[in-house]
Amino acid sequence: MVEVDATHLDRIVAGFAAALRTAGLDVPVGSVVTFRQALGVVGLAAWHPVYWAGRATLVHRPEDTALFDDTFAAYWHDQLRPDVAMEMSEHELTMALDTGDDEAATPDDAEGTQEVDLVLRWSPTEVLRHKDFSLFTLEELVEAQTLMRQLKLATSVRPSRRQRRARHERGRLDIRHTVQRALRTEGEPLIRASTVQSEQPRRLILLIDVSGSMEPYARALLRFAHAAVVSRRRVEAFALGTRLTRITRELSSRDPDDAFAAATGAVEDWSGGTRLGPVLREFNDEWGVRGMARGAVVVVLSDGWDRGDPAVLAEQMQRLARVAHHVVWVNPLKATEGYEPLAAGMAAALPFVDRFIEGHNIASLEALVAAVAA
Amino acid sequence: MTYTHSVDDVRCGLEAHDYLPDDGLATAIFLALELQRPLLLEGEPGVGKTEVAKTLARWTGGDLLRLQCYEGIDVTQAVYEWDYSRQLLHLRTAEATGRATGVDADELESELYSERFLVKRPLLQAIAYGQPPAPVLLIDEIDRADDEFEAFLLEVLSEYAITVPELGRFHADVPPIVVITSNRTRDVHDALKRRCLYHWVDHPDFDREVAIISRRTDGVSDAIIDQVASAVAQFRQLGLYKPPGVAESIDWASSLGRLGAAALDVETAEATIGAVLKYREDQQRVREYGLAKLLEADSNV
């Protein structure tokens, strides 16, 4: 049991928030304030309420729980021992300063990326359009980014439950607006209003293979994914490697280089191996079949090289195909002359794919745009 | 206005109404009541998220106001709507009785937009609720609604106020207890999460599950309840597409009770498996693993 005064408690809380941020957790100031209030209510008498108060106020995603647990154990273990409590506060202040420095460092980074933007150099667009991604230099990749941004990704539409007002008299009679208008004309319903069912673009899901064999293409396709995420709202992106990583949040940064760095940083197994079957299963279990892929257009960017059991991949592709509106498989190797989908994984997956297209250059990505809109 | 003085009060209160929360959930509920914050519950389907709100309502004695979210939900279904046909009728009546010519047009119009013609939907009901005990507002499956609705909800939940342009501002004298649930088919917006207290509802451990099933079923023997809880706990380890939740355990135990089964053997399990496993592939997987093996392990528990 520890007795601490209010200012000291503030410091402990701020220090804990800093420790969580250092550990990589996203901790908004508002949540820290709530946590401080919560501590005021549950008290510091025991370890348990402090822990659960932290869980309820500072953790917003189940994935962050492990990180929180580790940081909590390390930080509060010391804090809840009275003899070190005062000593520790000095240490926390330094941590808070550290985060300040980090923030100050960000504008420098931004300048750095601007420089990259300034060296934009135009080469003949046509050449770039048909060049294989694996032969791209870094500069060309930057230029390709500009070209990719021009690709307007629009998925096909599906009927939505929402009714919208029709301009002309058709569809269902809209009593609400008819009466509303009648009130203006002394209760005579002279103009009849009507509604029709509105339409919604389908969600687009990009599953990008980031294994070693796909590395040059994954780099380019990730930038394509970024252009898609930034330009539209209903897009989700995942990296497939030896495990599944959701990269939608990382890609949502406006600056392509920041987004790219964040995404590759988040993918721990970048350019490693692939376990397509189990990873797809993870996607189906955690996201896809639960709702994300329902009625969506799913694009898999992969060469289909998979050392695992093809039966697993086939089963998972079937599950995915059952909920998705359309499954498009993009395989950069398809462009190679004489290519046959002989890789066991690719052969297993093909029966459940609606469109099978190449994705080795920008021109073929234009074909992808057309496939997505179908 | 307080219901509780400690986390234990919450636990006892809910237990008295047949809901058995673990420490984390009890603390989150206690904090939600104390700090008057909405409580966001995420978790697998069937772990008892919606039940939290229902039990809270029974315990506090407040009304349960439920808003089931779906795609395309809008203000007219969630907040309020004017009763246009009654407004029209009112206008016609005024005309017929000759009142329309007698009174000032402004007066007649302001009559039309009075609370009398306002149809309150759950959100407005919860805000305009006058007297204690505070109602429990359950916003179910928020992940099904779209982003625009979430943004609107954020506004309502941070101010506990709603403005109806024709009438003015409704402000909650008694802030409702707000429980929001999500199956996590998509991420709820960060801004809304910041506003809420968050708890991930997990499957209960064996002992708690046994306690929950026996509270929620009638006339089922303890032996069967033990077997069901143990089998379900093992199902969850098999990597099924849809691991059974507490709701399924309760269903399974009740089905066995209704059939008058004395014990859970392979035949009865085979006959009733549809109450717990609802994917053909999952049933297949369990059979491949061996029902006998699963049930045998029961007796050792």
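The model is predicted, so local features need pLDDT of at least 70 and side-chain atom pairs count only at pLDDT 80 or more, while totals for chains, interfaces and linings use all residues. Residues are numbered from 1 along each chain as its sequence is written, with chains lettered from A and ligands numbered from 1 in the order in which they are written.

**Chain A overall**

- Chain A holds 15 helices and nine strands; these are DSSP runs numbered from the N terminus, with helices being H or I of at least four residues and strands E of at least two.
- Of its 374 residues, 34% count as buried, meaning that 20 or more other C-beta atoms, placed from the backbone, lie within 10 Å of the residue's own.
- Among contacts in chain A with a separation of 6 or more, 73% come from residues 24 or more positions apart (a contact is two C-beta atoms, placed from the backbone, within 7 Å).

**A sheet in chain A**

- Three strands form an open sheet in the order S1-S3-S2 (chain A), paired antiparallel; pairing requires at least two DSSP bridges between two strands.
- Strand S1 (157-165) and strand S2 (172-173) of chain A are the edges, each pairing on one side only.
- Six bridges link S1(A) with strand S3 (residues 194-201) of chain A, and Arg158(A) sits opposite Gln200(A) in S3(A).

**Where the chains meet**

- On the chain B side, 29 residues are in contact with 32 residues of chain A.
- Helix H2 (23-35), helix H5 (84-96), helix H10 (190-195) and strand S9 (197-201) of chain B each give two or more residues to that side.
- The chain B side divides into twelve nonpolar, eight polar and nine charged residues (Ala, Val, Leu, Ile, Met, Phe, Trp, Tyr, Cys and Pro are nonpolar; Asp, Glu, Lys and Arg are charged; the others, Gly among them, are polar).

**Cores and a helix in chain B**

- The largest nonpolar core has 100 residues, of which Leu39(B), Val179(B) and Val228(B) touch the most other members; such a core joins buried Ala, Val, Leu, Ile, Met, Phe, Trp, Tyr and Cys residues through C-beta atoms within 7 Å.
- A second, separate core of 60 residues includes Ile247(A), Leu280(A), Ala324(A) and Val330(A).
- In helix H11 (residues 206-216) of chain B, the residues Glu209(B), Ile212(B) and Ile213(B) are buried.
- They share one side of H11(B) because they cover an arc of only 95 degrees around the axis, taken from the directions from the helix axis to the C-beta atoms.
- The cover over the buried residues of H11(B) includes helix H12 (222-235) and helix H13 (246-259) of chain B.

Notes: A residue is buried if 20 or more other C-beta atoms lie within 10 Å of its own, exposed if 12 or fewer, and partly exposed in between; C-beta atoms are placed from the backbone.
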